[in-house]
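Have a look at the structure first, then read on.

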Amino acid sequence: MLTITDEVRDALASGQPVVALESTIISHGMPYPQNVEMARTVEGIVREGGAVPATIAVLHGRPTIGLSADDLELLASDDSVIKVSIRDLPYVVSRGLHGATTVASTMRLAALAGIRVFVTGGLGGVHRGAETSYDVSADLTELSTTSVAVVCAGVKSILDIGLTLEKLETLGVPVLGYGTDEFPSFFSRSSGFAAPMRVDSPAEVASLMRAKWDLGLDGGVVVANPIPAAAEIPADEIGTIIDQALADMDRLGIRGKDATPYLLGRIVEITDGASLKANIALVEHNARLGAAIAREHAAR
Ligand code: PSU
Ligand code: MN
């Protein structure tokens, strides 16, 4: 059921490094045209890092691994593209629709194709107020079962970071601070929460992946790579803005799968684009690390 480009298929068959990239970040995470520029740049960074990029989406109902420039443009600009997490996959596939895949569904499709390293910006997690809304991203349950390492910049404080880390512990997911003792919070290098484990090189990440899967412990690994200091928005500054975005969301009654895209868009508006610059910088930074991890993984 998968469409895989020849380049990605050949790379996988010959054991070359491949890095999966998600598409919700393009369609529902950033405005046009910065989203398509980001998507192209990130693919270029993965290539410079010595790995083959495989951006993943559902096109005309086909789960597709590796996208053309036209595909990226469509995902970035077409309003009919649906945000697709695990539960949405059967709907878009059976109806022949276009879908942008979240961390959860990108992980699943990457694993089906045999890709073990995936680069994104931020994970979904336990939303603030989840004790009444029950809003916990399927990204977390996917991490408990699907064997892919996810390079991200931690999670945004639109989520309850403490509860997200607790849930990941319950689900048996190793969460690695990359070069840091503190779990990063996307726009900021700090979060006030310790990183459960620390690693300092791509080789250490690859050897932990190997150890986990050799032990028969299926499931993901989170590599939390802090945003570069020069691009960071200090936690107290972004904290006020996130509180405002959350209050606006409550006032408008936005819930469920629309919550994350609304909050991301609202934060870009309130910061007049400053958050978008930080977001792009951290994804590019993650792409560099992801390529290096994929190389180390392929070498094993
Ligand atoms: N967090 C971000 N940027 C994003 C997302 C999350 O900082 O673009 C996207 C990812 O695709 C993630 C999804 O998998 O939102 C989570 O959505 P939900 O909370 O509805 O599961
Ligand atoms: Mn949700």
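What follows covers the ligand, the pockets and the cavities, in that order.

Keep in mind that this is a predicted model, where local features need pLDDT of at least 70, side-chain atom pairs count only at pLDDT 80 or more, and totals for chains, interfaces and linings use all residues. Residues are numbered from 1 along each chain as its sequence is written, chains are lettered from A and ligands numbered from 1 in the order in which they are written, and side-chain values use heavy atoms, with hydrogens and water left out.

**Ligand 1**

- Ligand 1 sits in the largest pocket, where "sits in" asks that more than half of its atoms lie within 2 Å of the pocket's grid points.
- A pocket here is an open set of points on a 1 Å grid over the protein atoms alone, with protein on both sides within 12 Å along at least five of seven lines; a cavity is a set where a 1.4 Å probe fits but cannot get out, and lining residues have an atom within 4 Å of a point.
- There are 14 residues around ligand 1, and Glu22, Lys83, Ser137, Asp139 and Lys156 come nearest (a residue is near if one of its heavy atoms lies within 4 Å).
- On its own, ligand 1 exposes 470 Å², and the protein buries 94% of that (Shrake-Rupley areas with a 1.4 Å probe).
- By class, the shell around ligand 1 has four nonpolar, six polar and four charged residues; Ala, Val, Leu, Ile, Met, Phe, Trp, Tyr, Cys and Pro count as nonpolar, Asp, Glu, Lys and Arg as charged, and the others, Gly among them, as polar.
- H2 and H12 each supply at least two residues of that shell; helices are DSSP runs (H or I) of at least four residues, numbered from the N terminus.

**Pockets**

- The largest pocket has a volume of about 640 Å³, a volume being the space filled by probe spheres set on grid points joined across faces, edges and corners.
- Its lining runs to 33 residues, with Lys83, Gly124, Ser137, Asp139 and Thr260 nearest the centre.
- H2, H8 (138-145) and H12 each give two or more residues to that lining, and H12 has the largest share, three residues.
- The second largest pocket, about 280 Å³, is lined by 16 residues, with Arg128, Ser133, Asp135, Met249 and Asp250 nearest its centre.
- H11 gives the most to the second pocket's lining, with three residues.

**Cavities**

- How many cavities of 30 Å³ or more are there? The count comes to two.
- The largest cavity holds about 80 Å³ of space, and its lining includes Leu21, Glu22, Ile25 and Val283.
- H3 brings the largest share of that lining, three residues, and the lining as a whole has eight nonpolar, two polar and one charged residues.
- The second largest cavity has a volume of about 40 Å³, and among its lining residues are Lys156, Phe187 and Asn279.
- Helices H12 (259-270) and H13 (274-299) each give two or more residues to the second cavity's lining.
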